[in-house]
Amino acid sequence: MDTKAPIVENVFGISWLSFNLSNVLMITLVSVIILIICIAATRKLQMKPTGAQNVMEWYVDFIKGLIGDTMDWKTGKTFLPLGLTLFLFILISNVIGMVTVVVVDDYSWWGSPTADAGVTLALAFMIVLLSHFYGLKLRGGKEYGKKFFEPVFFMFPFKVIEEFTNTLTLGLRLFGNMFAGGMLTALIIGIGAKSIGGAVLASVPMLIWSGYSLFIAGIQAFIFTMLTMLYISHKVEASH
Amino acid sequence: MHFYSDFLTLGAVGGLRTGDMFFTIILFIILLALLKKFAWGPLMETMEKREEYVKNEIEMAEKSRREAETASKEAKAQLRQTKEEAQKIIDEARNTAKQEEQKIIDIARQEATRLKEAAEADIQNEKEKAIQALQDQVASLSVLIASKVIEKEISAQDQEKLINEYIKEVGEER
């Protein structure tokens, strides 16, 4: 017996507008969690950091390093809040799906929002759009346009296609990893749930896979943030 | 019977939900704005402030170290100068003392010489006086003796002899 996603179609009578309420709920939940954690950790900021502030500062330094790898820090400074928010958003989204399962009337409400292609593609689309926006803003139309004809003019079609493939690969990489992770977890549990022997047999791979999933969740958040900064740097930095 | 695996396969994959996409982007932007205002902004500000503070502190430390070095150099130079001055004063005092000593000795010597000379002069004087006195005495005594002798007997021969001797003596005296 399969569970269904709580999908609402034709919202406000608009035929193409549909929601997966599970995703809406989880994204809201993730946002609220991040908001609470970050705001709580940055209350009472001191010159001599303690506890939570130390962690947050370590995190800021980590993202700083990530941005510093791809572009000049002077321009990169602008994208620090984006990088900080993006990494946390994706990391928490990835991890939250492993925590539990909530099913009400055959509708599955709990899961990683990043295990949905729509969500990840939306994020990727937003990133690519941002990179163009900042490319135009920081370097001007002429310099921005010139990028499409480098190193030779006939690269133009490829450069245009690249923008779309970038969006697709960025979004689908994250989606694929998280979705596959969830599928494999489900398969292992499927073995374990059939019989007692199966449960014993499945416990070891389950343990390993859970750890590995956590690892993947971190790695994918890292890759997504890193590629974001790389794409942005391609647009905002002068060609080398 | 429900299996966990059944729950996990979800309704997934099928179709992109446009609503989700809009919702994701909008919520992400709201989250970004809120975090930037309430978390990242203050945090980055604090970190920058600390960087500035540490930089200032290092500069201050370097400055005070340099100042201390100069002060110590000055103190050393001053100490050396003071020592030299002290040495000079001691040397001067020593020289003055030597000179004073020499002067005192010279004066003493002069005084001694003067006293000695005075004493010698006195002695000479006394001696001459004594000789004079003695000679006077001798003269009167000899006259006395002579008169005694003459009283007794005196020959012409003797008289002549006597006179000659006197004359001779007188001549020698001259």
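Predicted model: local features only at pLDDT ≥ 70, side-chain atom pairs only at ≥ 80, totals over all residues.
Local features need pLDDT of at least 70 and side-chain atom pairs count only at pLDDT 80 or more, while totals for chains, interfaces and linings use all residues. Residues are numbered from 1 along each chain as its sequence is written, chains are lettered from A in the order in which they are written, and side-chain values use heavy atoms, with hydrogens and water left out.

View 1. In the unreviewed UniProt entry, the annotation "transmembrane region" covers residues 20-41, 79-103, 115-136, 174-192 and 212-232 of chain A. UniProt positions are given in the numbering used here, feature names are shortened, and annotations may be inferred rather than shown by experiment. Residues 115-136 of chain A are 91% helix and 0% strand, with end C-alpha atoms 32 Å apart. Residues 174-192 of chain A are 100% helix and 0% strand, and their end C-alpha atoms lie 27 Å apart. In chain B, residues 20-40 are 100% helix and 0% strand, with 27 Å between the end C-alpha atoms. Helices (H or I, at least four residues) and strands (E, at least two) are DSSP runs, numbered from the N terminus.

**View 2. The largest nonpolar core.** This core has 56 residues; a nonpolar core is a set of buried Ala, Val, Leu, Ile, Met, Phe, Trp, Tyr and Cys residues joined through side-chain atoms within 4.5 Å. Buried means under 20% relative accessible area, exposed over 50%, partly exposed in between (1.4 Å probe, protein chains only). The residues with the most contacts inside the core are A:Ile34, A:Cys38, A:Phe89, A:Leu123, A:Phe224 and B:Trp40. Helices H1, H2, H4, H5, H6 and H7 of chain A and helix H2 (18-152) of chain B each supply at least two residues. The largest share, 11 residues, comes from H2(B). Leaving out residues up to four places away in sequence, A:Leu123 touches A:Leu86, A:Phe89, A:Ile90, A:Phe224, B:Thr24 and B:Phe28, where contact means heavy atoms within 4.5 Å.

**View 3. The interface of chain A and chain B.** The contact takes 66 residues from chain A and 43 residues from chain B. About 4800 Å² is buried between the two chains, and carbon and sulfur atoms give 75% of that area. Buried area is the accessible area (1.4 Å probe) that two parts lose on being put together, summed over both. Three salt bridges are found across the interface.

**View 4. A:Glu57 and B:Arg50.** The side chains of these two residues meet in a salt bridge (2.2 Å, N to O); a salt bridge is a side-chain nitrogen of Lys or Arg within 4 Å of a carboxyl oxygen of Asp or Glu. A:Glu57 is found in helix H2 of chain A and counts as buried because its relative accessible area is 7%. Apart from residues up to four places away in sequence, A:Glu57 touches A:Pro49, B:Leu43, B:Met47 and B:Arg50.

**View 5. The surroundings of A:Leu80.** A:Leu80 sits in helix H4 of chain A and counts as buried, because its relative accessibility is 0%. Its contacts, leaving aside neighbours within four places in sequence, are A:Val60, A:Ile63, A:Lys64, A:Ile67, A:Trp73 and B:Met44.
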